[in-house]
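Here are a few notes to read alongside the model.

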Amino acid sequence: MQTLKIGTRGSPLALAQAHETRARLMKAHGLPEQAFEVVPISTSGDRIQDRPLSEAGGKGLFTKEIEEALLDGRIDIAVHSSKDMPTVLPDGLELSTFLPREDARDAFIGKTAKRLADLPPGARVGSSSLRRQALIRRMRPDFEVVMFRGNVQTRLRKLDEGVAEGTILAYAGLKRLGLESVVTDLMPLDDFPPAPGQGAIGIESRVGDGAVAKMLAAIHDVPTGQALACERAFLAALDGSCRTPIAGHATISGEKLSFAGLIISPDGTEAHEVKLDGRADDAAEIGAEAARTVRAKAGAKFFDGWA
């Protein structure tokens, strides 16, 4: 039996996601753990810690080396946090499979207050996400937003060291790491919408690899795939990257899809929202239409100067 090689970043969260993928494949196909090999790969995004990703090159920094290994056959599949995936993939690769989505909300971890809104005037809040930074500034313009790079454990350590009085992280990641206990508040989806793809594990594979496709089909979650098709279409139509604060979240109920999207200026002073409903089968079309709608609201110059 040939070993299936699972490529992943080497952070504790990335490894937890790879192990979850492996466990689902083992259960779906009745295979032992030895049938799979988890292959950690260091990425540029992991190595660059001294500046925001928006200045260093964007989301592709977390995927480039892993995708190179997938293309040259060193690994058979790649496991990613879907929110880290660029909307355009290298030729020959596809984001083919999604595991059931975890809670997509952001979580606040506060040291001097349990809720973000209850922090004192001028408090320092740590985040490396332009979306979170903009939403924080919209909620409390008096806050000082400081850059927090690194994996979950590194950011929590910075919080303990007093670099900031609070930070915001994806609740899904904290749950997958068994760190729910550090959360002091959960941010409502309406007031603090998540990044497109947040909470969903995506699996990338080679186009035309029939054996791998057959294995992955057994663990693909259709509603998550539909929601992500909508969110990624919204992001793609807005040319979304780590340089642009964009939020988007789709929910599936039977055959119905509901989508809420937002674009916001980095300083949090201007925001435009859109909500659309439709058939889940039309997910990508709904996402693209939502992007056209919100772009029309914002005007042609809204994105100028953000990079």
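Which residues does Thr167 touch, not counting residues up to four places away in sequence?

1. Before the answer, a reminder that this is a predicted model. Thr167 touches Ala107, Phe108, Ile109, Val125, Gly126, Phe148 and Leu159, with residues up to four places away in sequence left out.

2. Thr167 belongs to strand S8, which covers residues 166-170. Its relative accessibility is 0%, so Thr167 counts as buried, the cut-off for that class being under 20%. Gly126, one of the residues that Thr167 touches, also takes part in a polar pairing: a polar atom of the Thr167 side chain lies 2.7 Å from the backbone oxygen of Gly126.

3. The buried residues are Leu130, Arg131, Arg132, Gln133, Ala134, Leu135 and Ile136. Both arginines in that list, Arg131 and Arg132, are therefore worth a glance by the same cut-off of under 20% relative accessible area.

4. The N-terminal end of H5 is capped by Ser129. There, a side-chain oxygen of Ser129 sits 3.3 Å from the backbone nitrogen of Arg131, and Arg131 is itself among the buried residues of the helix.

5. Now for the second largest pocket, whose volume is about 270 Å³. Its lining consists of 16 residues, and those closest to the pocket centre are Leu189, Asp190, His249, Ala260 and Lys275. Three strands each supply at least two lining residues: S11 (246-253), S12 (256-264) and S13 (271-279).

6. What is the make-up of that lining by class? Eight of the lining residues are nonpolar, four are polar and four are charged.

7. Finally, the chain as a whole. Its secondary structure amounts to ten helices and 13 strands. A compact globule of 307 residues would have a radius of gyration near 19 Å, and the chain agrees, since its own value is 19 Å. Along the principal axes, the C-alpha atoms fill a box of roughly 60 × 45 × 35 Å.

8. Of the 307 residues in the chain, 53% are buried. Among contacts with a separation of 6 or more, 68% are between residues 24 or more positions apart.

How values were computed:
Residues are numbered from 1 along each chain as its sequence is written. This is a predicted model: local features need pLDDT of at least 70, side-chain atom pairs count only at pLDDT 80 or more; totals for chains, interfaces and linings use all residues. Side-chain values use heavy atoms; hydrogens and water are left out. On a 1 Å grid over the protein atoms alone, a cavity is a set of points where a 1.4 Å probe fits but cannot get out, and a pocket is an open set with protein on both sides within 12 Å along at least five of seven lines; lining residues have an atom within 4 Å of a point. Grid points are joined across faces, edges and corners, and a volume is the space filled by probe spheres set on the points. Helices (H or I, at least four residues) and strands (E, at least two) are DSSP runs, numbered from the N terminus. Ala, Val, Leu, Ile, Met, Phe, Trp, Tyr, Cys and Pro count as nonpolar, Asp, Glu, Lys and Arg as charged, and the others, Gly among them, as polar. Buried means under 20% relative accessible area, exposed over 50%, partly exposed in between (1.4 Å probe, protein chains only). A polar contact is a pair of N or O atoms within 3.5 Å; within protein, one must be able to donate a hydrogen and the other to accept it, and residues adjacent in sequence count only if both atoms are side-chain atoms. The radius of gyration is taken over C-alpha atoms; the globule rule is 2.2 Å times the number of residues to the power 0.38. Contact means heavy atoms within 4.5 Å.
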